[in-house]
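This report is written for a reader who is meeting a protein fold for the first time. Please look at the sequence and the structure below, and keep them in view while reading the sections that follow.

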Amino acid sequence: MTEGTTDGMTSGRTALLTGDGRAGMLGPYGSRLLHGWYDTGGAADLDEHLGRYGPPPSPRSADASDRLVRAVEDAGLTGRGGAAFPTGRKLRTVADGRGTAVVVANGMESEPASRKDETLLDLAPHLVLDGAALAAAAVGADVAHLCLPRSRQDQARALREAVEERRARGLDPVPVLVHELPHHYVSSEETSLVRWLNGGDARPSATPPRPFEKGVERRPTLIDNVETLAHLALIARYGPGWFRSAGHPDATGTTLVTLSGALRAPGVYEVPMGRPLGEVLDVAGGAAEPLGSVLLGGFFGSWLPAEQALQVPFAKQDLAALGAGPGAGVIVALPARACGLAEAAGVLGYLAAQSARQCGPCRFGLPAVAADFADLAWGRPAPQVMRRLERRAGLLAGRGACRHPDGASRFAATALRVFADDVRHHLNLGPCAAAGQEPVLPVPDPRAPDDREWR
(Lines give C-alpha, C1' and ligand atoms only; values in the text may rest on other atoms or scores of the structure.)
Protein backbone atom coordinates (compact mmCIF):
# COMPACT_ATOMS: atom_id res chain seq x y z
CA MET A 1 0.00 0.00 0.00
CA THR A 2 1.02 3.58 -0.39
CA GLU A 3 2.60 5.58 2.32
CA GLY A 4 0.06 8.13 3.49
CA THR A 5 -1.55 9.92 6.35
CA THR A 6 -2.79 7.66 9.11
CA ASP A 7 -5.72 8.99 11.13
CA GLY A 8 -6.38 7.68 14.59
CA MET A 9 -8.33 4.45 14.55
CA THR A 10 -11.87 4.69 15.84
CA SER A 11 -14.32 2.16 17.18
CA GLY A 12 -15.81 1.75 13.70
CA ARG A 13 -19.26 2.78 14.92
CA THR A 14 -19.49 6.48 14.10
CA ALA A 15 -22.92 7.86 13.24
CA LEU A 16 -24.30 7.61 9.73
CA LEU A 17 -23.24 10.49 7.47
CA THR A 18 -21.48 12.59 10.06
CA GLY A 19 -19.73 14.37 7.20
CA ASP A 20 -17.22 16.05 9.48
CA GLY A 21 -14.19 14.49 7.79
CA ARG A 22 -12.62 13.50 11.13
CA ALA A 23 -14.16 10.16 12.02
CA GLY A 24 -13.31 7.05 10.09
CA MET A 25 -10.93 4.23 9.53
CA LEU A 26 -7.87 5.10 7.51
CA GLY A 27 -5.65 2.12 8.03
CA PRO A 28 -1.92 1.60 7.80
CA TYR A 29 -0.18 3.11 4.75
CA GLY A 30 -3.30 5.03 3.77
CA SER A 31 -5.36 1.95 2.91
CA ARG A 32 -9.12 1.95 3.41
CA LEU A 33 -10.80 -0.91 1.61
CA LEU A 34 -7.95 -3.29 2.39
CA HIS A 35 -6.75 -2.06 5.77
CA GLY A 36 -8.42 -5.01 7.48
CA TRP A 37 -6.26 -7.34 5.44
CA TYR A 38 -3.20 -5.50 6.74
CA ASP A 39 -4.49 -5.94 10.27
CA THR A 40 -4.95 -9.70 10.03
CA GLY A 41 -3.39 -10.97 6.81
CA GLY A 42 -6.63 -12.74 5.90
CA ALA A 43 -10.18 -12.31 4.68
CA ALA A 44 -12.69 -10.78 7.09
CA ASP A 45 -15.53 -13.03 8.22
CA LEU A 46 -18.81 -11.51 9.36
CA ASP A 47 -17.94 -11.33 13.07
CA GLU A 48 -14.63 -9.65 12.32
CA HIS A 49 -16.31 -7.29 9.88
CA LEU A 50 -19.01 -6.29 12.38
CA GLY A 51 -16.43 -5.89 15.11
CA ARG A 52 -14.48 -3.48 12.95
CA TYR A 53 -17.30 -1.47 11.37
CA GLY A 54 -20.52 -2.29 13.19
CA PRO A 55 -23.71 -3.13 11.26
CA PRO A 56 -24.39 -1.26 8.01
CA PRO A 57 -26.29 1.97 8.77
CA SER A 58 -29.23 1.27 6.46
CA PRO A 59 -31.17 4.45 5.52
CA ARG A 60 -34.73 3.12 5.82
CA SER A 61 -36.57 6.44 5.66
CA ALA A 62 -36.86 8.66 2.59
CA ASP A 63 -34.96 11.41 4.39
CA ALA A 64 -32.11 9.08 5.36
CA SER A 65 -31.96 7.74 1.80
CA ASP A 66 -31.64 11.25 0.43
CA ARG A 67 -28.90 12.03 2.95
CA LEU A 68 -26.96 9.00 1.77
CA VAL A 69 -27.27 10.04 -1.86
CA ARG A 70 -26.16 13.57 -0.98
CA ALA A 71 -23.20 12.20 0.97
CA VAL A 72 -22.06 10.17 -2.03
CA GLU A 73 -22.48 13.23 -4.27
CA ASP A 74 -20.52 15.41 -1.86
CA ALA A 75 -17.80 12.77 -1.56
CA GLY A 76 -17.15 12.94 -5.30
CA LEU A 77 -17.15 9.15 -5.62
CA THR A 78 -16.94 7.98 -9.22
CA GLY A 79 -17.42 4.49 -10.58
CA ARG A 80 -14.41 2.20 -10.26
CA GLY A 81 -15.43 -0.14 -13.07
CA GLY A 82 -13.91 1.88 -15.91
CA ALA A 83 -16.23 4.71 -16.95
CA ALA A 84 -15.69 6.84 -13.80
CA PHE A 85 -19.28 8.13 -13.90
CA PRO A 86 -20.36 10.10 -10.78
CA THR A 87 -21.94 7.55 -8.45
CA GLY A 88 -24.19 10.01 -6.64
CA ARG A 89 -25.74 11.17 -9.91
CA LYS A 90 -26.43 7.57 -10.88
CA LEU A 91 -28.03 6.84 -7.49
CA ARG A 92 -30.29 9.88 -7.74
CA THR A 93 -31.36 9.10 -11.29
CA VAL A 94 -32.40 5.55 -10.39
CA ALA A 95 -34.08 6.68 -7.17
CA ASP A 96 -36.15 9.18 -9.17
CA GLY A 97 -37.14 6.62 -11.81
CA ARG A 98 -40.58 5.16 -12.32
CA GLY A 99 -41.22 1.85 -10.60
CA THR A 100 -39.40 -0.20 -7.98
CA ALA A 101 -35.68 -0.21 -8.63
CA VAL A 102 -33.17 -3.08 -8.90
CA VAL A 103 -29.48 -3.05 -7.86
CA VAL A 104 -26.79 -5.01 -9.71
CA ALA A 105 -23.29 -5.35 -8.25
CA ASN A 106 -20.85 -5.99 -11.08
CA GLY A 107 -18.02 -8.30 -10.04
CA MET A 108 -17.45 -9.82 -13.48
CA GLU A 109 -14.00 -8.28 -14.05
CA SER A 110 -13.63 -9.56 -17.60
CA GLU A 111 -10.45 -7.52 -18.12
CA PRO A 112 -7.64 -10.14 -18.19
CA ALA A 113 -5.07 -7.75 -16.70
CA SER A 114 -7.24 -6.90 -13.67
CA ARG A 115 -7.48 -8.71 -10.33
CA LYS A 116 -8.80 -5.94 -8.07
CA ASP A 117 -12.45 -7.00 -7.86
CA GLU A 118 -11.61 -10.64 -7.28
CA THR A 119 -9.17 -9.59 -4.54
CA LEU A 120 -11.68 -7.25 -2.88
CA LEU A 121 -14.40 -9.91 -2.87
CA ASP A 122 -11.96 -12.39 -1.35
CA LEU A 123 -10.62 -10.10 1.38
CA ALA A 124 -13.51 -7.76 2.22
CA PRO A 125 -16.72 -9.38 0.93
CA HIS A 126 -18.93 -7.79 3.59
CA LEU A 127 -17.92 -4.26 2.60
CA VAL A 128 -19.27 -5.01 -0.88
CA LEU A 129 -22.44 -6.59 0.52
CA ASP A 130 -22.89 -3.60 2.86
CA GLY A 131 -22.63 -1.32 -0.15
CA ALA A 132 -25.16 -3.32 -2.15
CA ALA A 133 -27.62 -3.21 0.75
CA LEU A 134 -27.11 0.52 1.29
CA ALA A 135 -27.49 1.26 -2.41
CA ALA A 136 -30.69 -0.80 -2.53
CA ALA A 137 -32.15 1.15 0.38
CA ALA A 138 -31.08 4.48 -1.15
CA VAL A 139 -32.79 3.85 -4.51
CA GLY A 140 -35.80 1.95 -3.16
CA ALA A 141 -34.85 -1.42 -4.64
CA ASP A 142 -36.45 -4.68 -3.55
CA VAL A 143 -33.60 -6.97 -4.72
CA ALA A 144 -29.87 -6.84 -5.36
CA HIS A 145 -28.01 -9.09 -7.80
CA LEU A 146 -24.29 -9.83 -7.46
CA CYS A 147 -22.82 -10.98 -10.79
CA LEU A 148 -19.63 -13.06 -10.92
CA PRO A 149 -17.92 -15.06 -13.67
CA ARG A 150 -18.43 -18.82 -13.72
CA SER A 151 -14.68 -19.26 -13.60
CA ARG A 152 -14.71 -18.24 -9.90
CA GLN A 153 -16.99 -20.94 -8.50
CA ASP A 154 -15.24 -21.11 -5.12
CA GLN A 155 -15.68 -17.39 -4.64
CA ALA A 156 -19.34 -17.57 -5.65
CA ARG A 157 -19.90 -20.35 -3.10
CA ALA A 158 -18.22 -18.31 -0.35
CA LEU A 159 -20.30 -15.25 -1.18
CA ARG A 160 -23.54 -17.24 -1.10
CA GLU A 161 -22.58 -18.45 2.36
CA ALA A 162 -21.83 -14.86 3.41
CA VAL A 163 -25.20 -13.69 2.07
CA GLU A 164 -27.01 -16.46 3.94
CA GLU A 165 -25.21 -15.63 7.19
CA ARG A 166 -26.18 -11.97 6.82
CA ARG A 167 -29.78 -12.95 6.07
CA ALA A 168 -29.92 -15.08 9.22
CA ARG A 169 -28.80 -12.07 11.26
CA GLY A 170 -31.25 -9.71 9.57
CA LEU A 171 -28.57 -7.36 8.27
CA ASP A 172 -29.82 -6.62 4.77
CA PRO A 173 -33.16 -4.98 3.96
CA VAL A 174 -33.48 -6.75 0.58
CA PRO A 175 -32.46 -10.20 -0.68
CA VAL A 176 -29.06 -10.44 -2.41
CA LEU A 177 -28.84 -13.05 -5.17
CA VAL A 178 -25.44 -14.31 -6.36
CA HIS A 179 -25.22 -15.24 -10.06
CA GLU A 180 -22.50 -16.88 -12.15
CA LEU A 181 -22.36 -15.64 -15.73
CA PRO A 182 -20.38 -16.67 -18.82
CA HIS A 183 -16.90 -15.22 -18.61
CA HIS A 184 -16.35 -13.49 -21.94
CA TYR A 185 -14.77 -10.08 -22.41
CA VAL A 186 -17.99 -8.24 -23.25
CA SER A 187 -20.07 -10.08 -20.63
CA SER A 188 -19.18 -7.53 -17.96
CA GLU A 189 -20.75 -4.68 -19.94
CA GLU A 190 -23.79 -3.37 -18.05
CA THR A 191 -26.32 -4.20 -20.77
CA SER A 192 -24.88 -7.73 -20.95
CA LEU A 193 -25.68 -8.21 -17.25
CA VAL A 194 -29.21 -6.89 -17.74
CA ARG A 195 -29.78 -9.07 -20.78
CA TRP A 196 -28.59 -12.20 -18.94
CA LEU A 197 -30.62 -11.44 -15.81
CA ASN A 198 -33.66 -11.04 -18.07
CA GLY A 199 -33.12 -14.55 -19.43
CA GLY A 200 -31.05 -13.80 -22.53
CA ASP A 201 -27.42 -14.10 -23.56
CA ALA A 202 -24.64 -12.27 -21.75
CA ARG A 203 -24.02 -10.05 -24.77
CA PRO A 204 -24.41 -6.27 -24.94
CA SER A 205 -27.70 -4.76 -26.06
CA ALA A 206 -28.14 -1.64 -28.14
CA THR A 207 -29.20 1.44 -26.20
CA PRO A 208 -31.37 3.42 -25.47
CA PRO A 209 -32.99 2.75 -23.14
CA ARG A 210 -30.13 2.65 -20.67
CA PRO A 211 -30.40 0.31 -17.67
CA PHE A 212 -31.08 3.20 -15.28
CA GLU A 213 -34.26 3.81 -17.28
CA LYS A 214 -35.38 0.26 -18.09
CA GLY A 215 -33.08 -2.52 -17.02
CA VAL A 216 -33.78 -5.76 -15.18
CA GLU A 217 -37.46 -6.62 -15.69
CA ARG A 218 -37.68 -3.22 -17.44
CA ARG A 219 -37.31 -1.52 -14.06
CA PRO A 220 -34.90 1.31 -13.15
CA THR A 221 -31.64 -0.50 -12.50
CA LEU A 222 -28.54 0.70 -10.65
CA ILE A 223 -25.42 -1.12 -11.88
CA ASP A 224 -22.22 -0.42 -9.96
CA ASN A 225 -18.83 -2.06 -9.79
CA VAL A 226 -18.22 -3.95 -6.54
CA GLU A 227 -15.37 -1.61 -5.55
CA THR A 228 -17.66 1.39 -5.99
CA LEU A 229 -20.17 -0.19 -3.62
CA ALA A 230 -17.48 -0.90 -1.02
CA HIS A 231 -16.47 2.77 -1.06
CA LEU A 232 -20.15 3.71 -0.69
CA ALA A 233 -20.36 1.56 2.44
CA LEU A 234 -17.49 3.50 4.02
CA ILE A 235 -18.87 6.89 2.98
CA ALA A 236 -22.17 5.96 4.65
CA ARG A 237 -20.32 5.37 7.92
CA TYR A 238 -17.69 8.10 7.92
CA GLY A 239 -19.03 10.84 5.66
CA PRO A 240 -17.93 12.67 2.51
CA GLY A 241 -15.29 14.78 4.26
CA TRP A 242 -13.49 11.65 5.38
CA PHE A 243 -13.61 10.20 1.87
CA ARG A 244 -12.25 13.40 0.31
CA SER A 245 -9.34 13.52 2.76
CA ALA A 246 -7.55 11.11 0.43
CA GLY A 247 -6.83 11.93 -3.20
CA HIS A 248 -7.18 15.48 -4.48
CA PRO A 249 -10.19 17.74 -5.14
CA ASP A 250 -10.75 16.58 -8.71
CA ALA A 251 -10.10 12.89 -8.01
CA THR A 252 -11.23 11.99 -4.52
CA GLY A 253 -10.67 8.95 -2.35
CA THR A 254 -8.55 5.88 -2.88
CA THR A 255 -8.75 3.28 -5.61
CA LEU A 256 -7.63 -0.29 -6.15
CA VAL A 257 -5.09 -0.83 -8.90
CA THR A 258 -3.70 -3.98 -10.49
CA LEU A 259 -0.01 -3.37 -11.19
CA SER A 260 1.82 -5.80 -13.45
CA GLY A 261 4.60 -6.12 -15.98
CA ALA A 262 8.22 -5.18 -15.29
CA LEU A 263 7.72 -4.35 -11.58
CA ARG A 264 9.46 -5.79 -8.54
CA ALA A 265 6.26 -6.73 -6.70
CA PRO A 266 3.25 -6.94 -9.06
CA GLY A 267 -0.15 -7.21 -7.40
CA VAL A 268 -3.29 -5.42 -6.28
CA TYR A 269 -2.75 -2.26 -4.25
CA GLU A 270 -4.81 0.60 -2.87
CA VAL A 271 -3.59 4.10 -3.69
CA PRO A 272 -4.94 7.66 -3.31
CA MET A 273 -6.33 9.05 -6.53
CA GLY A 274 -4.29 11.77 -8.18
CA ARG A 275 -0.82 10.50 -7.27
CA PRO A 276 1.77 10.72 -10.08
CA LEU A 277 1.87 7.43 -11.94
CA GLY A 278 5.52 6.94 -11.04
CA GLU A 279 4.59 6.99 -7.35
CA VAL A 280 1.79 4.51 -8.01
CA LEU A 281 4.29 2.09 -9.56
CA ASP A 282 6.59 2.60 -6.59
CA VAL A 283 4.07 0.89 -4.30
CA ALA A 284 4.85 -2.29 -6.28
CA GLY A 285 8.56 -1.81 -5.71
CA GLY A 286 9.13 0.28 -8.82
CA ALA A 287 10.49 -0.86 -12.16
CA ALA A 288 12.49 -4.07 -12.18
CA GLU A 289 14.18 -3.05 -15.46
CA PRO A 290 14.10 -0.07 -17.84
CA LEU A 291 10.57 0.70 -19.03
CA GLY A 292 9.57 1.54 -22.57
CA SER A 293 5.87 2.26 -22.18
CA VAL A 294 2.90 1.93 -19.85
CA LEU A 295 -0.56 0.58 -20.64
CA LEU A 296 -3.34 2.32 -18.72
CA GLY A 297 -6.83 0.83 -18.52
CA GLY A 298 -6.11 -2.65 -19.79
CA PHE A 299 -7.19 -4.08 -23.14
CA PHE A 300 -9.55 -1.15 -23.75
CA GLY A 301 -6.92 1.28 -22.57
CA SER A 302 -4.21 3.52 -23.98
CA TRP A 303 -0.47 3.21 -24.37
CA LEU A 304 1.80 6.03 -23.19
CA PRO A 305 5.58 6.36 -23.42
CA ALA A 306 7.09 5.63 -20.01
CA GLU A 307 8.84 8.99 -19.66
CA GLN A 308 5.52 10.78 -20.24
CA ALA A 309 3.34 8.43 -18.21
CA LEU A 310 5.37 8.45 -14.99
CA GLN A 311 4.87 12.18 -14.46
CA VAL A 312 1.10 12.41 -14.97
CA PRO A 313 -1.33 12.25 -12.00
CA PHE A 314 -3.47 9.13 -11.89
CA ALA A 315 -6.74 11.03 -12.34
CA LYS A 316 -9.33 11.14 -15.09
CA GLN A 317 -8.88 14.79 -16.03
CA ASP A 318 -5.07 14.68 -16.20
CA LEU A 319 -4.97 11.44 -18.16
CA ALA A 320 -7.68 12.61 -20.56
CA ALA A 321 -5.35 15.38 -21.74
CA LEU A 322 -3.05 12.60 -22.98
CA GLY A 323 -5.82 10.56 -24.57
CA ALA A 324 -5.88 8.04 -21.70
CA GLY A 325 -7.86 7.31 -18.54
CA PRO A 326 -7.63 5.33 -15.29
CA GLY A 327 -10.17 2.78 -16.50
CA ALA A 328 -10.60 -0.04 -14.01
CA GLY A 329 -7.23 0.58 -12.38
CA VAL A 330 -5.13 -1.60 -14.69
CA ILE A 331 -1.53 -0.44 -15.13
CA VAL A 332 0.96 -2.58 -17.05
CA ALA A 333 4.62 -1.53 -17.14
CA LEU A 334 6.11 -2.76 -20.41
CA PRO A 335 9.88 -3.22 -20.39
CA ALA A 336 11.94 -1.47 -23.05
CA ARG A 337 13.18 -4.87 -24.31
CA ALA A 338 9.65 -6.01 -25.28
CA CYS A 339 8.11 -5.64 -28.73
CA GLY A 340 5.09 -3.39 -28.30
CA LEU A 341 3.67 -4.39 -31.68
CA ALA A 342 3.67 -8.07 -30.75
CA GLU A 343 2.03 -7.27 -27.41
CA ALA A 344 -0.66 -5.19 -29.14
CA ALA A 345 -1.23 -7.79 -31.84
CA GLY A 346 -1.89 -10.50 -29.24
CA VAL A 347 -4.43 -8.33 -27.44
CA LEU A 348 -6.24 -7.34 -30.64
CA GLY A 349 -6.47 -10.96 -31.73
CA TYR A 350 -8.10 -11.77 -28.40
CA LEU A 351 -10.51 -8.82 -28.62
CA ALA A 352 -11.53 -9.80 -32.14
CA ALA A 353 -12.33 -13.34 -31.00
CA GLN A 354 -14.18 -12.15 -27.89
CA SER A 355 -16.61 -9.81 -29.63
CA ALA A 356 -20.33 -10.52 -29.48
CA ARG A 357 -20.40 -10.65 -33.30
CA GLN A 358 -23.64 -8.65 -33.42
CA CYS A 359 -22.62 -5.80 -35.72
CA GLY A 360 -20.34 -5.01 -38.63
CA PRO A 361 -17.41 -3.40 -36.76
CA CYS A 362 -16.96 -6.50 -34.59
CA ARG A 363 -17.75 -9.10 -37.25
CA PHE A 364 -15.56 -7.64 -39.97
CA GLY A 365 -13.65 -4.50 -38.95
CA LEU A 366 -12.01 -5.70 -35.72
CA PRO A 367 -10.82 -9.05 -37.17
CA ALA A 368 -9.33 -7.16 -40.13
CA VAL A 369 -7.46 -4.76 -37.82
CA ALA A 370 -6.22 -7.70 -35.71
CA ALA A 371 -5.00 -9.50 -38.85
CA ASP A 372 -3.13 -6.39 -40.02
CA PHE A 373 -1.47 -6.04 -36.61
CA ALA A 374 -0.47 -9.71 -36.65
CA ASP A 375 1.04 -9.26 -40.11
CA LEU A 376 2.88 -6.16 -38.94
CA ALA A 377 4.16 -7.87 -35.79
CA TRP A 378 5.16 -11.30 -37.09
CA GLY A 379 4.91 -11.33 -40.89
CA ARG A 380 6.33 -9.54 -43.91
CA PRO A 381 3.80 -6.75 -44.32
CA ALA A 382 3.22 -4.98 -47.58
CA PRO A 383 4.08 -1.24 -47.64
CA GLN A 384 0.39 -0.29 -47.80
CA VAL A 385 -0.45 -2.08 -44.54
CA MET A 386 -0.12 1.12 -42.48
CA ARG A 387 -2.51 3.11 -44.65
CA ARG A 388 -4.96 0.23 -44.51
CA LEU A 389 -4.58 -0.16 -40.74
CA GLU A 390 -5.12 3.51 -40.00
CA ARG A 391 -8.20 3.60 -42.23
CA ARG A 392 -9.69 0.43 -40.75
CA ALA A 393 -8.99 1.39 -37.13
CA GLY A 394 -10.58 4.78 -37.74
CA LEU A 395 -13.79 3.12 -38.91
CA LEU A 396 -14.30 1.08 -35.72
CA ALA A 397 -15.17 3.72 -33.12
CA GLY A 398 -18.75 4.90 -32.71
CA ARG A 399 -20.24 2.37 -35.12
CA GLY A 400 -20.88 -0.66 -32.95
CA ALA A 401 -23.88 -1.83 -30.94
CA CYS A 402 -21.68 -1.50 -27.82
CA ARG A 403 -18.32 0.05 -27.00
CA HIS A 404 -16.22 -3.02 -27.74
CA PRO A 405 -14.96 -1.66 -31.08
CA ASP A 406 -14.39 1.78 -29.50
CA GLY A 407 -12.03 0.35 -26.90
CA ALA A 408 -10.20 -1.79 -29.45
CA SER A 409 -9.83 1.20 -31.76
CA ARG A 410 -8.29 3.34 -28.99
CA PHE A 411 -5.91 0.53 -28.02
CA ALA A 412 -4.81 0.05 -31.64
CA ALA A 413 -4.40 3.77 -32.40
CA THR A 414 -2.25 4.47 -29.34
CA ALA A 415 -0.13 1.37 -30.06
CA LEU A 416 0.65 2.62 -33.57
CA ARG A 417 1.62 6.02 -32.16
CA VAL A 418 3.70 4.90 -29.17
CA PHE A 419 5.42 2.04 -31.01
CA ALA A 420 6.17 4.04 -34.16
CA ASP A 421 9.87 3.06 -34.04
CA ASP A 422 8.91 -0.61 -33.91
CA VAL A 423 6.53 -0.08 -36.84
CA ARG A 424 9.35 1.36 -38.97
CA HIS A 425 11.69 -1.48 -38.02
CA HIS A 426 9.13 -4.15 -38.86
CA LEU A 427 8.18 -2.54 -42.15
CA ASN A 428 11.78 -2.09 -43.29
CA LEU A 429 13.61 -5.04 -41.76
CA GLY A 430 10.94 -7.55 -40.74
CA PRO A 431 10.02 -8.73 -37.23
CA CYS A 432 12.43 -7.81 -34.46
CA ALA A 433 13.95 -10.49 -32.23
CA ALA A 434 11.72 -9.43 -29.34
CA ALA A 435 8.55 -10.24 -31.32
CA GLY A 436 9.07 -13.92 -30.61
CA GLN A 437 9.49 -13.52 -26.85
CA GLU A 438 6.95 -14.63 -24.25
CA PRO A 439 4.35 -11.82 -24.02
CA VAL A 440 4.24 -9.54 -20.98
CA LEU A 441 0.50 -8.93 -21.20
CA PRO A 442 -1.71 -11.77 -19.89
CA VAL A 443 -3.61 -12.63 -23.08
CA PRO A 444 -5.99 -15.60 -22.60
CA ASP A 445 -6.80 -18.19 -25.24
CA PRO A 446 -8.31 -16.17 -28.10
CA ARG A 447 -10.78 -18.90 -29.07
CA ALA A 448 -14.12 -17.42 -30.02
CA PRO A 449 -17.05 -18.69 -27.87
CA ASP A 450 -19.79 -20.50 -29.71
CA ASP A 451 -23.39 -19.35 -29.43
CA ARG A 452 -24.23 -21.77 -26.60
CA GLU A 453 -21.54 -20.33 -24.35
CA TRP A 454 -23.19 -16.92 -24.06
CA ARG A 455 -25.96 -18.18 -21.79
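This is a predicted model: local features need pLDDT of at least 70, side-chain atom pairs count only at pLDDT 80 or more; totals for chains, interfaces and linings use all residues.

## A pair of packed helices

Helix H13, which covers residues 340–353, packs with helix H16, residues 404–418, at an angle of about 170°, and their axes are 11 Å apart. That angle makes H13 roughly antiparallel to H16, and the contact between the two is made by Ala344, Val347, Leu348 and Leu351 on the H13 side and by His404, Ala408, Phe411, Ala412 and Ala415 on the H16 side. The crossing in which H13 passes H16 is left-handed.

## The mixed sheet

An open sheet is formed by 5 strands in the order S8-S7-S11-S9-S10, and the pairing in this sheet is mixed. Which strands stand at the edges? They are S8 and strand S10 (302–305), and because each has a single partner strand, one side of each is left without a neighbour in the sheet. Direction ignored, neighbouring strands of this sheet are turned by 30° against each other on average.

## The parallel sheet and the helices beside it

A further open sheet has 4 strands in the order S3-S2-S1-S4, with parallel pairing. Here strand S3 (176–181) and strand S4 (221–225) stand at the edges, and since each has a single partner strand, one side of each is left without a neighbour in the sheet. The neighbouring strands of this sheet are turned by 25° against each other on average, direction ignored. Strand S2 (residues 141–149) runs parallel to S3 and is joined to S3 by 6 bridges, with Leu146 standing opposite Val178 in S3.

Helix H4 (residues 87–95) lies across S1 and S4 and runs at about 160° to S4. Helix H8 (residues 190–197) is mostly covered, since 6 of its 8 residues are buried, namely Thr191, Ser192, Leu193, Val194, Trp196 and Leu197. What covers these buried residues of H8 includes S1, S2, S3 and S4, and just after H8, Gly199 takes a positive phi of about 100°.

Asn106 lies in strand S1 (residues 101–106). Is Asn106 buried or exposed? Its relative accessibility is 12%, and because the cut-off for a buried residue is under 20%, Asn106 counts as buried. Leaving aside residues up to four places away in sequence, Asn106 touches Asp117, Cys147, Ser188, Leu193, Ile223, Asp224, Asn225 and Val226. One of these residues, Ser188, has its backbone oxygen 2.9 Å from a polar atom of the Asn106 side chain, while another, Leu193, is one of the buried residues of H8.

Ala137 lies in helix H6 (residues 125–139) and, at 18% relative accessibility, counts as buried as well. Not counting residues up to four places away in sequence, Ala137 touches Ser58, Pro59, Ser65 and Pro173. Between the C-alpha atoms of Ala137 and Pro240, which are 103 residues apart along the chain, the separation is 18 Å.

Definitions and conventions
Residues are numbered from 1 along each chain as its sequence is written. Side-chain values use heavy atoms; hydrogens and water are left out. Buried means under 20% relative accessible area, exposed over 50%, partly exposed in between (1.4 Å probe, protein chains only). A polar contact is a pair of N or O atoms within 3.5 Å; within protein, one must be able to donate a hydrogen and the other to accept it, and residues adjacent in sequence count only if both atoms are side-chain atoms. Contact means heavy atoms within 4.5 Å. Two strands pair if DSSP finds at least two bridges between them. Axes are lines fitted to C-alpha atoms, for helices over the stretch in contact, and angles run from 0 to 180 degrees between N-to-C directions. Angles under 35 degrees count as roughly parallel, over 145 as roughly antiparallel, 65 to 115 as roughly perpendicular and the rest as oblique. A crossing is left-handed if the near helix is turned anticlockwise from the far one by less than a right angle, and right-handed if clockwise.
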